[in-house]
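Open the model in your viewer and keep the selection tool at hand. This tour goes stop by stop.

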Amino acid sequence: MRILAIESSCDDTSVAIVNDSGFVEICRSANQDWLHKIYGGIVPEIASRQHTEVLLPLIQDCLDTTHLNWDHIDGLAVTNRPGLIGSLLVGLVTTKALAFAKQKKFIAINHLEGHLLAGFLWDELAPQSSRLKFPFLGLVVSGGHTQLVWAEELGNYRILGKTRDDAAGEAFDKFSQMLGLPYPGGVQVDLLAQQGTSGNYSFPLGLTQPGSLDFSFSGLKSAARRLLDGLGAPMIATHLSSLCFDFQEAVVDALMLKLQRAIDLNASPASVVITGGVACNSRLRERSMSWAQKNSIELFIPPPRYCTDNAAMIGYAGAQRLVRGQTSAMDCPPCSDSLEDDFS
Ligand code: KG4
Ligand code: ZN
């Protein structure tokens, strides 16, 4: 089963060709950071307009580069929820039109299911030494979501904990903005933190009371605001990398605390997956890998190209559903919210 997949839920336009084993033949993405940079955040109208500019050329590019044509494609998958409504619409109507014109199977995918299943992806650069299997515990950390998910089997996902306010990526982006760093912020904080030293500044951990698997990053954000206001610009400039180190450490502490707690409170999972844009963070990768080694946990963190928004993860989710005979109705709508608590 070979799927052509489209992801356009936010500000990345991405097209991939993937099969049901998770092998990514190609994944090409067009980043819009250069367009949103001057506004310090994503402007939805600009994002959807840009998707319309680049989506069809990207699809053609994927087919040309792999020397495939439509006869080689068995189905089309697309993200239809959650995301920016205009951005979702561009991908969804394009995919529906192609499915209709080329007489292909069509399936609409929840973006969060895509992130969750990214641990199954592999390619020529990253052949998998061991294969992820259900059930597993997933930590999805992105710009819009922070969730601990028990993935029992395909389509059976139970949310064990989620953020009550900001997502982890949002916290990174807002801190970066407070420091006057360029957009997008997470990676800037990560890079600066690599030159910093620890323990100079303390940031609070949210929702530490026993039993809670939820996250909260708004207190961290307010504490950062107060600290930076107190320090003033010259001190901030001098201690930039240490500030980034300690802030990043606080976010990673919060994620690791709840990951450990989820393991303690639930049946010990065979595997853990950490995914979503924040899973690109070098400190989170480093700390989670040594934690997994110490606790004999099989940890899967996809390569960064499959952690951030990409169509390959949507293609894999689509392929798995299509091999099970599932398809979506041609009138299925886009949806900006993930309405389900436990999504499927
Ligand atoms: O998964 P993603 O590409 O898009 C969403 O679905 O939101 O995640 C984007 C988020 C942004 O908040 C970005 O700042 C964050 O991932 N991010 C990082 C790093 N790379 C991307 N956060 C911390 N460290 C990084 N290296
Ligand atoms: Zn995402």
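What follows is a walk through a helix pair and then the cysteines.

This is a predicted model, where local features need pLDDT of at least 70, side-chain atom pairs count only at pLDDT 80 or more, and totals for chains, interfaces and linings use all residues. Residues are numbered from 1 along each chain as its sequence is written, chains are lettered from A and ligands numbered from 1 in written order, and side-chain values use heavy atoms, without hydrogens and water.

**Stop one: the helix pair.** Select residues 168-178, helix α5, and residues 240-265, helix α9. (Helices are DSSP runs of H or I, at least four residues, numbered from the N terminus.) Their axes lie 11 Å apart, at an angle of about 165°. (Axes are lines fitted to C-alpha atoms over the stretch in contact, and angles run from 0 to 180 degrees between N-to-C directions.) So α5 is roughly antiparallel to α9, a label for angles over 145 degrees.

**Stop two: the contact.** Show side chains A168, A171, F172 and F175 on α5. On α9, show L243, C244, F247, Q248 and V251. These residues make the contact, meaning heavy atoms within 4.5 Å. Eight are nonpolar, one is polar and none is charged. (Ala, Val, Leu, Ile, Met, Phe, Trp, Tyr, Cys and Pro count as nonpolar; Asp, Glu, Lys and Arg as charged; the others, Gly among them, as polar.)

**Stop three: the cysteines.** Stay on C244, which is buried at 0% relative accessible area. (Buried means under 20%, with a 1.4 Å probe and protein chains only.) How far is its sulfur from the closest cysteine sulfur? The distance is 17 Å, to C280, too far for a bond. Now select C307, also buried at 0%. Its sulfur is 4.8 Å from that of C280, again too far. The structure holds zero disulfides, a disulfide being a pair of cysteine sulfur atoms within 2.5 Å.

Notes. Buried < 20%, exposed > 50% of the residue type's maximum accessible area, 1.4 Å probe, protein only. Helix = DSSP H or I, 4+ residues; strand = E, 2+ residues; numbered from the N terminus. Parallel < 35°, antiparallel > 145°, perpendicular 65-115°, else oblique.
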